Each structure stands twice: as structure tokens, then as C-alpha cells.
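Trainee: Could you walk me through this one, please? I have not looked at it before.

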Amino acid sequence: MPPARATERARRLKTVSLAAVALMLLLAMLSTSACLYVETKEPPTPETPIPGWDLNKYQAGKLIDALAERDRRLASMQTPAVMEYTAGDQHLKAKEEITVKRPGDLRVEAMSPLGVALLLAAQGTELAIFEPGQNRFMRGQANADTLYKYVRIPMAPTDAVGLLMGLAPADFPLGATPDLVAANGAMMVATFGNSESGTRELGFTDGNLAMVRETSADGRVIYEVRYSAYQDIGGLMFPFVVDADFPAAGSHVTFRYLQPIVNGVIPDSTFVLTPAPGATLMNLSFDEIRALSNES
């Protein structure tokens, strides 16, 4: 009987040993399989964009999207302002009351120490001007020539309203992709167009529109507008200083806003003027200004 017990014990030990060996083989196979998987797995190919280009383009796109959203939110502005104009040896500084309503309604009251020196209102294609000191009332077309003569901005009313409100020009393709994005000091500049067709540029600083510039095909700067001194007005960043250069006219005009109110309710009648009793009536639509007697 004792030998039988020894044989049974040996059989059990042999069974345990075989199980251990099988387990070790299984673990070894799994380990080898895992190693083979790691060794044969190919890592993903990293993207290699042109250094800085894609990042600049992406950032410019975000800024342009924000400008488009600001464009959708702004409808009107009213503010007292200090206007300063320089052209050659001419220099004029005056306090004004400016009211604008998109797309192209504009009213400017130029003040003197004695009161209102000139009142201009443009609505649609029509413009009216009243000079209280001479009791003279003028009518004409709302165009760049008239606005330049009386409010120092050689732009059509729609573009002038955009300039005064810190917006891109009305026909600027905000949804388009810029042809070039580059840094100019602290400013990021997005350029649309090329040297053959002329360019339009939007410059951004600290997330805000800082510059709008248009250049003709022959390289001449048509205008350049700079925006600065941004402040938060009811959750909307708004520039308190507008600097505009017009090289063709050889002029520079600066507006410093004192207390702008945006998106206030402005009646359409604000931009319609009627002559005072006894006013001299004139028509600006003729090549030579002619007085019109007793005609409204």
C-alpha cells in the first residue's frame, strides 16, 4: 500500500508540473504576440504644415468671423466728437455731433462757439446742407465729392458710415479666405487680392480691427483707416479714435468720440432736413451752384 501512495503523489506532482509548464508557455506566447504587435504597428504620420502659415490663417479667420459678427450687431451710432482735419497747410478742428444709421444714413452737426455752424444730412441718394449763419439751404446728390467738401470724408455715404463705425467697407467679402496673412509688428494683416487687381487689407491688434486699407492695381493707397482706443460699450468693443488718410486728396482726418451710444433708436426723420423760412435755396447737383428762388 505505501508504494501506491507514492505513485499517486508522483502522478499529482507530474500533473501540476505539466499545468505550470502550459501556463508558462501561454504567457510566453501572449508576451511574444504583444511584442510583435507593438513592433509592427506603424505610428500615425504627423502633419507638417508650412511653419506659422496655417496658424496665422486660422487665427485670421477667427478674427474675420468676429468682425462679421460685430458687423451684424451694429446698426447705429450717436456721439459728440472732436474732428481734426489736415490738408497741406489747412488745419481745421471742430466739435461735431455725429449720427449714423446703416446702411448709409448720416447726420453731422458742426459746432462753432456761437452754435451750429453747419448741418448736413444724407439719406439714400439725397443730401441736404443747412448753414444757419447765412440762412442757406442746399440740396444735392449724396456722393463722395459732397461729403469730402463738407465733412472731410471722400467716400460715398455707405462707406463713410462704415468708416465712422469701425466696420469693414460695405462690399468687403468678410466670408472670403484671405490670399495672404502676415504679421506686421503687433498687427496681424489679412490681405485680399494681389498686385494686379489691387488689394484690400484688414489689420487686427488685440483681437480688434485696427486697420482697413485699400490699394489700387498700380500700388497707390486709396485710403487707410486706423482704429484705436477701444472700450467696451454694453458688451461690444468700440473704437473711440478713428484716423483716416486719403492720399489722393492729400488729407488726413481724425475723429475722437466723446460718448458714443450704439444701437439706439434713431427715427428716419433725423436724416431729413427742411429749409428754414426765408432761406436761400441752392442746388448742388449742377456743375455750377445756382440759387433757386422760392423753391423748396
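This is a predicted model: local features need pLDDT of at least 70, side-chain atom pairs count only at pLDDT 80 or more; totals for chains, interfaces and linings use all residues.

Trainee: Which residue stands opposite V212 of β10?

Mentor: That is L202. The two strands, β9 and β10, form a hairpin with two residues between them, and D206 in the turn has a positive phi of about 55°.

Trainee: What does β10 pair with besides that, and over how many bridges?

Mentor: Five bridges join β10 to strand β11, residues 221-233, and these two strands run antiparallel. In this pairing R213 stands opposite E224 in β11. The hairpin of β10 and β11 has five residues between the strands, and there G219 takes a positive phi near 90°.

Trainee: How many residues of β10 are buried?

Mentor: Eight of the eight residues in β10, which spans 208-215, are buried, so the strand is largely enclosed by the rest of the structure.

Trainee: OK, on to the core. Which residues touch the most other members of the largest nonpolar core?

Mentor: Those are L163 and L202, in a core of 62 residues. The largest share of this core, six residues, comes from strand β12, residues 236-246.

Trainee: And what is L163 in contact with, leaving aside its neighbours within four places in sequence?

Mentor: With those neighbours left aside, L163 is in contact with I153, M155, V225, Y227, V242, A244 and F246. There is also a second, separate core of eight residues, which includes F130, L273, A279 and L281.

Trainee: Switching to helix α3, which of its residues are buried?

Mentor: In α3, residues 144-151, the buried ones are T146, L147, Y150 and V151. They cover an arc of only 95° around the axis, which puts them on the same side of α3. The elements that the buried residues of α3 pack against include β3 (105-112), β6 (136-141), α4 (157-165) and β13 (251-257).

Trainee: What happens at the start of α3, and just after it?

Mentor: At the start of α3, a side-chain oxygen of N143 comes to within 3.3 Å of the backbone nitrogen of D145. Just after α3, R152 takes a positive phi of about 70°.

Trainee: Where is T270 found?

Mentor: T270 is in the loop between β14 (261-262) and β15 (280-283). With a relative accessible area of 18%, T270 is buried, because the cut-off for that is under 20%. Its side chain reaches the backbone oxygen of P267 at 2.9 Å, and, leaving aside neighbours within four places in sequence, T270 is in contact with T99 and R107.

Trainee: Last topic, then: how many aromatic pairs does the structure hold?

Mentor: The structure holds two. The rings of F172 and F192 have their centres 5.1 Å apart and their planes at 85°, so that pair is edge-to-face. F172 lies in the loop between α4 and β7 (180-184), while F192 is in strand β8, residues 187-194, so the pair ties together parts that are 20 residues apart in sequence. F172 is buried at a relative accessible area of 7%, and F192 counts as buried at 8%.

Trainee: And what about F238 and Y257?

Mentor: F238 and Y257 form a tilted aromatic pair, 6.2 Å centre to centre and with 35° between the planes. F238 lies in strand β12 and Y257 in strand β13, so this pair ties together parts that are 19 residues apart in sequence. Both F238 and Y257 are buried.

Key: Residues are numbered from 1 along each chain as its sequence is written. Side-chain values use heavy atoms; hydrogens and water are left out. Buried means under 20% relative accessible area, exposed over 50%, partly exposed in between (1.4 Å probe, protein chains only). Helices (H or I, at least four residues) and strands (E, at least two) are DSSP runs, numbered from the N terminus. Two strands pair if DSSP finds at least two bridges between them. A nonpolar core is a set of buried Ala, Val, Leu, Ile, Met, Phe, Trp, Tyr and Cys residues joined through side-chain atoms within 4.5 Å. Contact means heavy atoms within 4.5 Å. The arc is that of the directions from the helix axis to the C-beta atoms. A polar contact is a pair of N or O atoms within 3.5 Å; within protein, one must be able to donate a hydrogen and the other to accept it, and residues adjacent in sequence count only if both atoms are side-chain atoms. Rings of Phe, Tyr and Trp (its six-membered ring) pair if their centres lie within 6.5 Å; planes under 30 degrees apart count as stacked, over 60 as edge-to-face and the rest as tilted.
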